Amino acid sequence: MRAGMGSIVVGLAWLWAGVAHAGSVDQETSYFAVRGSTLAELDEDLNRQGPYVAETGLRHPGATEVKFDGKVTYKKVAKGCAVDRADLGLTLHITLPKWTPPKRVSARTVLVWRTLEADIKRHENQHATIAKTWLKRMEMAVRNLRTERTCADMEMHVNTVTQRYLAGHEQAQIEFDTIEGREVNFRLRRALNRNLWGEAGG
């Protein structure tokens, strides 16, 4: 089951789109039920019930939907036109698995599931943290833009900068998933061993 659990965590993914409430970070979490009494059954149901990600064409054990939007206003100044206000926003929707152990499930099955569940949650929360970081960077960059000759030029400059930061955000998310994919088996083995020692010590 170790290999099976590793393979599904490699598939953790994120989404990006373009709508949110301006000037805010709105985050929510929803859960989907996973059923089974053995690790093999849990693995199978997780792959069957997990959120579908269009970008990969696969179902995943968890997903984070990231949506950016915002409002930028401009003002006339002596040298032309400048940014007046930049209120950018972010909506995050995290989807995670939830399992209620049935009766007579082995303690090891519960322990392995809890280890995996914690890793999925950590992974998706990190996707959210990356998005929040890039939101702050983008908003600061827009607010600090130099004055342009006209407000039309200013708007074009803002659009160019925001597209650059959105691309940077996308690349940061991809790099995070790449690193996580390489380290998933080692990370889960280490976490499981730590939890096993904790159980033994208790």
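**Reading the fold: a conversation**

Modeller: Among contacts in the chain between residues at least 6 apart in sequence, 76% join residues at least 24 apart. This is a predicted model.

Colleague: What makes up the chain, in helices and strands?

Modeller: The chain has four helices and six strands. Starting at the N terminus, their order is α-β-β-α-β-β-β-β-α-α.

Colleague: Why is Thr95 called buried?

Modeller: Its relative accessibility is 15%. Buried means under 20%. So Thr95 counts as buried.

Colleague: Where does Thr95 lie, and which residues does Thr95 touch?

Modeller: Thr95 is in strand β6. Leaving out residues up to four places away in sequence, Thr95 touches Ser30, Phe32, Pro51, Gly62 and Ala63.

Colleague: How much of the chain counts as buried?

Modeller: Of its 202 residues, 42% do.

Colleague: How do you know that β5 and β6 pair?

Modeller: Pairing needs at least two bridges. Strand β5 (residues 63-77) and strand β6 (residues 80-99) are joined by 15 bridges. So they pair. The two strands run antiparallel. In one of the bridges, Glu65 has His93 of β6 as its partner.

Colleague: How many residues sit between β5 and β6 in their hairpin?

Modeller: Two residues lie between them.

Colleague: Why are α2 and α3 called roughly parallel?

Modeller: Look at the angle. The axes of helix α2 (residues 39-49) and helix α3 (residues 107-143) cross at roughly 30 degrees. Angles under 35 degrees count as roughly parallel. Therefore α2 and α3 are roughly parallel to each other. Their axes also come within 10 Å.

Colleague: Which residues make the contact of α2 and α3?

Modeller: From α2 come Leu39, Leu42 and Leu46. From α3 come Thr109, Val112, Trp113 and Leu116. Six of these residues are nonpolar, one is polar and none is charged.

Colleague: Which residues touch the most other members of the largest nonpolar core?

Modeller: That core has 24 residues. Val34, Phe68, Leu90, Trp99 and Trp113 touch the most other members. At least two residues each come from β2 (25-34), α2, β5, β6, α3 and α4 (151-201). Helix α3 gives the most, with eight residues.

Colleague: What lies apart from this core?

Modeller: Another core, of nine residues. Cys81, Ala86, Ala141 and Val158 are among them.

Key:
Residues are numbered from 1 along each chain as its sequence is written. This is a predicted model: local features need pLDDT of at least 70, side-chain atom pairs count only at pLDDT 80 or more; totals for chains, interfaces and linings use all residues. Side-chain values use heavy atoms; hydrogens and water are left out. Axes are lines fitted to C-alpha atoms, for helices over the stretch in contact, and angles run from 0 to 180 degrees between N-to-C directions. Angles under 35 degrees count as roughly parallel, over 145 as roughly antiparallel, 65 to 115 as roughly perpendicular and the rest as oblique. Contact means heavy atoms within 4.5 Å. Ala, Val, Leu, Ile, Met, Phe, Trp, Tyr, Cys and Pro count as nonpolar, Asp, Glu, Lys and Arg as charged, and the others, Gly among them, as polar. A nonpolar core is a set of buried Ala, Val, Leu, Ile, Met, Phe, Trp, Tyr and Cys residues joined through side-chain atoms within 4.5 Å. Buried means under 20% relative accessible area, exposed over 50%, partly exposed in between (1.4 Å probe, protein chains only).
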